[in-house]
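Dear colleague,

I am passing on the structure below, together with notes on what came out of going through it. Please read the notes with the coordinates open beside them.

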Amino acid sequence: MSFRIAPSPHGHNQRNTSEMMRWVCYALVPGVLLQSYFFGPGIWFQMILAVATSVIAEMACTVARNRPAFSALRDNTALVTAVLLAISIPSLAPWWVIVIGTLFAIVVVKHVYGGMGQNLFNPAMAGYVLLLISFPVQMTNWLPASTISEHSLTLWQTLHTIIFEYTPSGYSVEQLRAGIDGVTMATPLDTIKTGLTQGYTLTEIYQGREFSYFAGAGWQWINLGFLVGGLLLIQQRIISWHIPLGFVAGLCVPAFLAHIFAPDLMPGPIVHALSGATMLGAFFIATDPVSAATSNRGRVIFALLIGFLVFVIRSWGGYPDAVAFAVLLANMCVPFIDRYTRPVVYGHGD
Amino acid sequence: MNEYKNLTKQGLWDNNPALVQLLGLCPLLAVTASVTNAMGMGLATLFVLVGSNITVSLVRQFVPAEIRIPVFVMVIATFVTVVQLLMNAYVFQLYQSLGIFIPLIVTNCAIIGRAEAYASKNPWQRAAFDGLAMGVGFALVLMVLGAMREIIGNGTLFDGAELLLGEWAAQLRLELFTVNYPLLLAILPPGAFIGMGFIIALKNKIDAVRSARAEKKTVTRARVTA
């Protein structure tokens, strides 16, 4: 019997990237199911389009870089990027939106920087920001949640809208967003933002149809769905708790303090935690192992920074939600964070 | 003659102010949203560069080394003021769309860089030619970037060229495709950074391929017998 002598680090993680990414997809299921319940089946078409585009783009890039065409597909990272982007955009966005976003994410953000493991920025969020900046109208056309919506679309009507930008009976997405009184409904965070600029207090804004129990109608359950999925990832040790906890703390602690200070102007921590892309961002986006900080201490700083930036941009910025911008800004700080949080090698410390 | 050939090569390719020295990035990124703007900016910079190079070269014997930089800046500022007034008079709409970036030509490091590195050490004919080569190199990069951004962002080429070149140039406008929703990112500053990155990468790739080819050609036969 021979004892194999291996140099350090003596890692014992038996999971490869492909399996980890598969687990990420499983963990997205509860949130995605809830999202398709509240915002219609469009999300499935968006996912199909995104995954198809990402597979073609990934193969084209690997061939262009003189690598076997299927080598990069096996690790499933492109799949996760595509799925995350499809979840982030409005479910009735025209088909070319998701195609452009996915192409940019895979080709420019991932492969131009050197492929899997080399990208500085989170590909899904960089793609999202490209779309948000380029097509602000299409990217903010969120329908009201199905529980408060006046219209519900069948599978065929949804597909028709995604391809032709109109339902078969000629409604635009803009018209579908109107309630029974003809007033267009926005996302909860958007409603808060516009309400506050018009001089309403939060108590008045929360009376609106867009809000129920804790936060925005529909959105709160979707966020809880992603929370459940995220906890599954932590339990499976796919991600560590540092980033999600740091994110939520960085967002909710300042939100709590601000809420105490100005209860009618600053939404409380629960509204922040269950609105927009908070939970998706905390458990699935900020935890991207490539573009996040490396050490645990660094991860906490990285995540606190993202959470705090989300709070700042949501409260005072021009956009209602901020997870994508916050993640990209924090990605830029990662080399700096990593430099100053390098763990001390045993025996070499002070 | 060889010196002039070398200057051309340096200015247009090997030592291009925008692609290699990475100088003057501020106007490069800010005003290249369309070819017309890029051309206007390129011509203005070209004029200032040639003028300042000639003047600096002519006065180089009289300027004490200790205060040469302020003198160069004054010379450049003079030419920028001339350009600014000329553009204000003859191409007013372009002047308005370029805005603050015309006076800011004075801060373009490519200009003072050439004054310091070349014009202050060489006779005026050569300095003028150096300014011309560098200015054309800079303007070409501006126009390539402007064309990229205009095509991707707007689907057109030479939109508004009549503002710079006169009425006949209105026919230059090409509508490559119509877009219902322009890709705003290409028009906005991030598009300039991304596009610039791609142009530099392309230039480096061409250089790498060329040097690899040159190496292959010069393989010398190894002596196998003593």
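Helix axes here are lines fitted to C-alpha atoms, for helices over the stretch in contact, and the angles between them run from 0 to 180 degrees between N-to-C directions. Helices (H or I, at least four residues) and strands (E, at least two) are DSSP runs, numbered from the N terminus. With that in place, the axes of α4(B) and α6(B) come within 10 Å of each other and cross at roughly 130°. The two helices α4(B) and α6(B) are therefore oblique to each other, given that angles under 35 degrees count as roughly parallel, over 145 as roughly antiparallel, 65 to 115 as roughly perpendicular and the rest as oblique.

Before going further, please note that this is a predicted model, in which local features need pLDDT of at least 70 and side-chain atom pairs count only at pLDDT 80 or more, while totals for chains, interfaces and linings use all residues. Residues are numbered from 1 along each chain as its sequence is written, and chains are lettered from A and ligands numbered from 1 in the order in which they are written.

To return to the pair in chain B, α4(B) passes α6(B) in a right-handed crossing, where a crossing is left-handed if the near helix is turned anticlockwise from the far one by less than a right angle, and right-handed if clockwise. On the α4(B) side the residues involved are F72(B), V73(B) and I76(B), and they meet I111(B), I112(B), A115(B) and E116(B) in α6(B); two residues are in contact if their C-beta atoms, placed from the backbone, lie within 7 Å. This contact divides into 6 nonpolar residues, no polar and 1 charged, with Ala, Val, Leu, Ile, Met, Phe, Trp, Tyr, Cys and Pro counted as nonpolar, Asp, Glu, Lys and Arg as charged, and the others, Gly among them, as polar.

Helix α4(B) itself covers residues 68–90, and its 23 residues reach 33 Å from first C-alpha to last, close to the 33 Å expected at 1.5 Å a residue; the expected span is 1.5 Å times one less than the number of residues. Its buried residues are F72(B), V75(B), I76(B), F79(B), V80(B), V83(B) and M87(B), where a residue is buried if 20 or more other C-beta atoms lie within 10 Å of its own, exposed if 12 or fewer, and partly exposed in between, with C-beta atoms placed from the backbone. These buried residues pack against α3 (35–59), α5 (92–98) and α6 (109–117) of chain B. Of these, α3(B) has 25 residues and reaches 36 Å, close to the 36 Å expected, and 19 of its 25 residues are buried, so α3(B) is largely enclosed by the rest of the structure.

As a whole, chain B holds 10 helices and 2 strands, and its C-alpha trace spans about 75 × 50 × 30 Å along its principal axes. Buried residues make up 37% of its 226 residues, and of the contacts in chain B with a separation of 6 or more, 77% are between residues 24 or more positions apart. Towards the other chain, 5 residues of chain B are in contact with 4 residues of chain A, and the chain B side consists of 5 nonpolar residues, with no polar and no charged ones.

In chain A, helix α1 (residues 17–39) and helix α11 (residues 219–235) pack at an angle of about 170°, with their axes 8 Å apart, and α1(A) and α11(A) are therefore roughly antiparallel. Their contact has 14 nonpolar, 5 polar and no charged residues. Within α11 of chain A lies G230(A), which counts as buried with 26 C-beta neighbours inside 10 Å. The C-alpha atoms of G230(A) and L28(A) are separated by 7.9 Å, although the two are 202 residues apart along the chain.

A second pair in chain A is α5 (residues 123–134) and α16 (residues 323–340), whose axes come within 9 Å and cross at roughly 125°, which makes α5(A) oblique to α16(A). The crossing of α5(A) and α16(A) is left-handed, and their contact has 9 nonpolar, no polar and no charged residues.

With best regards
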